[in-house]
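Hi,

Here is the structure I promised to pass on.

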Amino acid sequence: MTIEVRVPQLPESVADATLVSWHKKPGDSVVRDENLVDLETDKVVLEVPAPVAGVLKEIKLTDGTTVTSGQLLAVIDETASAAAVPGASAPAILAASSGATAAAADTVTKDASAKESAKPEAGGKLSPAAKRVAEENKVDPKTVAGSGRDGRVSKSDVVNYLSAKEGAAPSPASAPTGPAAAAPGAAAAKAAPVQFVPAPSARGNRAEQHVPMTRLRARIAERMVQAQATQALLTSFNEVDLQAVNELRSRYKDQFEKQYGVKLGFMSFFAKACVEALKKFPSVNASVDGNDIVYHEYFDIGVAVSTDRGLIVPVLRDTDQLSFADIEKSIANFASRARAGSITIEELTGGTFTITNGGVFGSLMSTPIVNSPQSAILGMHKIQDRPVVVDGQVVVRPMMYIALTYDHRIIDGREAVQFLVTVKQCLEDPARMVLHI
């Protein structure tokens with residue numbers, strides 16, 4: 001009995017997906033719930049599992065095909081075995097037709113099996129985009145050092161490997177030319193005239209590679225351009241003294257981790273401070289819908305997470321109702337699953353405000369772009385010890401620049417500045433977040 005494998009139902013916000021790579025080929029045995037193929041949407045990579053155990057009889061669509069919900073991908077024969085599928089014994093047939101003995105045919109079959117088993121496991125520690133680039137350029141993934149979590153190889157790792165390999169090719173030495181080569185003695189007999197030496201020309205293989213954008217990268221590019229084209233974006237800055245937050249974290253970090261099983265980081269403080277500021281200035285939590293301003297009476301804060309595939313923004317629902325421990329646990333869970341590619345589309349949709357932390361990469365100051373259709377985004381940056389004046393005395397404090405990029409169509413400069421001041425006050429005096437003042 002044959003069973004059809006079809007594209008699962010995609011969410012309403014996702015029109016189609018791209019078939020990234022098959023993990024099986026026709027004739028391979030499959031077990032129930034084994035991942036057959038990866039589908040990449042604008043936001044996540046979806047795995048399509050085998051509905052039954054059997055043999056993959058036929059693949060209907062190839063890598064790179066754009067697919068929609070319900071489209072036929074493959075056919076599985078749940079009554080067949082791998083040995084019974086046509087083409088499975090091709091090496092033995094080829095040997096017999098060329099006059100080889102049965103033993104030689106058996107050797108050929110074993111050699112083919114050995115070569116097949118020597119291939120790196122499909123997927124493995126490669127991201128889907130990295131796997132595609134590696135296959136196109138015939139690169140053995142085992143030779144590429146991964147820079148991602150747990151040694152995961154990203155697309156940039158493969159591209160850098162190819163560039164380094166091509167750049168290392170030796171260039172032929174140039175023979176000396178000109179008067180100096182023809183008459184070296186004459187140059188020594190009298191002072192050489194002043195000569196203008198041209199700048200050295202480029203050496204080595206200056207190759208260029210055109211790599212198609214992944215769907216996620218293309219979607220990010222589209223949304224960034226859309227935000228700048230449709231919103232009146234402006235950025236305001238302030239700076240925060242994080243001495244009080246550091247003291248709280250130092251005082252309670254061990255007890256907090258022991259009790260809740262997660263570290264007490266900075267993001268929970270910033271999320272809570274933003275909630276207090278959003279309550280005071282609801283326009284920062286609003287969005288534009290045609291000629292209407294939509295004021296959201298809930299606080300779904302997106303937290304930007306960097307992955308091998310690009311930046312994604314999972315959402316903390318009802319952040320005002322979460323404890324510090326809930327926020328830290330949710331962020332840690334989002335980060336690990338986002339980098340593993342197992343986060344769901346539902347967790348990436350919605351959101352009324354976003355926080356992004358460029359400080360983890362060393363950014364001292366930036367102007368983040370609003371995550372449309374939201375109207376504002378807070379940018380965190382690197383914490384740096386700087387001299388500041390406190391009560392007439394110059395002291396060294398851990399300072400951070402914070403930035404608020406906002407849509408000036410619905411948020412006035414006064415509201416943006418006061419929003420940042422409120423965030424600053426909550427962080428410099430965390431008791432405000434407990435007392436809601």
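R249 lies over the face of F266, with 4.1 Å to the ring centre. R386 does likewise with Y401: its charged end sits over that ring, 4.3 Å from the centre. The rule I used for a charge over a ring is NZ of Lys or CZ of Arg within 6 Å of the ring centre and within 35 degrees of the ring normal.

Before you go further: this is a predicted model, so local features need pLDDT of at least 70 and side-chain atom pairs count only at pLDDT 80 or more, while totals for chains, interfaces and linings use all residues. Residues are numbered from 1 along each chain as its sequence is written, and side-chain values use heavy atoms, with hydrogens and water left out.

On to ring against ring. A pair of aromatic rings is described by the distance of the centres and the angle of the planes. My rule takes rings of Phe, Tyr and Trp (its six-membered ring) with centres within 6.5 Å, calling them stacked if the planes are under 30 degrees apart, edge-to-face if over 60 and tilted for the rest. That gives 3 aromatic pairs. One of them is F256 with Y260, a tilted pair with 4.9 Å between the centres and 50° between the planes. Both residues belong to helix α8 (residues 243-260), and being 4 residues apart puts about one helical turn between them. (Helices are DSSP runs of H or I with at least four residues, strands are runs of E with at least two, and both are numbered from the N terminus.)

How buried or exposed are the two? F256 is buried at 12% relative accessibility, whereas Y260 is partly exposed at 34%. The cut-offs here are under 20% relative accessible area for buried, over 50% for exposed and anything in between for partly exposed (1.4 Å probe, protein chains only).

Another pair is F269 with F324, and this one is edge-to-face: 5.1 Å centre to centre, 70° between the planes. F269 sits in helix α9 (residues 267-280) and F324 in helix α10 (residues 324-340), so the contact ties together parts that are 55 residues apart in sequence. F269 is buried, with a relative accessible area of 5%, while F324 comes out as partly exposed at 25%.

If you are looking around there, check G261 too, in the loop between α8 and α9. G261 counts as exposed, at 65% relative accessibility.

Next, the cysteines. With a disulfide taken as a pair of cysteine sulfur atoms within 2.5 Å, the count is 0. C274 has C426 as its nearest cysteine by sulfur, at 9.1 Å, and is in no disulfide.

- E4 and R6 join at 2.8 Å, N to O. E4 is partly exposed at 44% relative accessibility, and so is R6 at 40%.
- E34 meets K24 at 3.0 Å, N to O. E34 lies in the loop between β3 (29-30) and β4 (35-40) and K24 in the loop between β2 (17-22) and β3, so this bridge ties together parts that are 10 residues apart in sequence. E34 is partly exposed, at 23%.
- E58 pairs with K60, their closest N and O atoms being 3.0 Å apart. E58 is partly exposed at 35%, and K60 is partly exposed at 39%.

Last, the strands. An open sheet of 4 strands runs in the order β5-β4-β2-β7, with antiparallel pairing; strands pair if DSSP finds at least two bridges between them. At the edges stand β5 (45-49) and β7 (66-67), each with a single partner strand, so one side of each has no neighbour in the sheet. Inside the sheet, β2 and β4 run antiparallel and are joined by 4 bridges. L19 stands opposite L39 in β4.

Cheers

Conventions
Salt bridge = Lys/Arg side-chain N within 4 Å of Asp/Glu carboxyl O.
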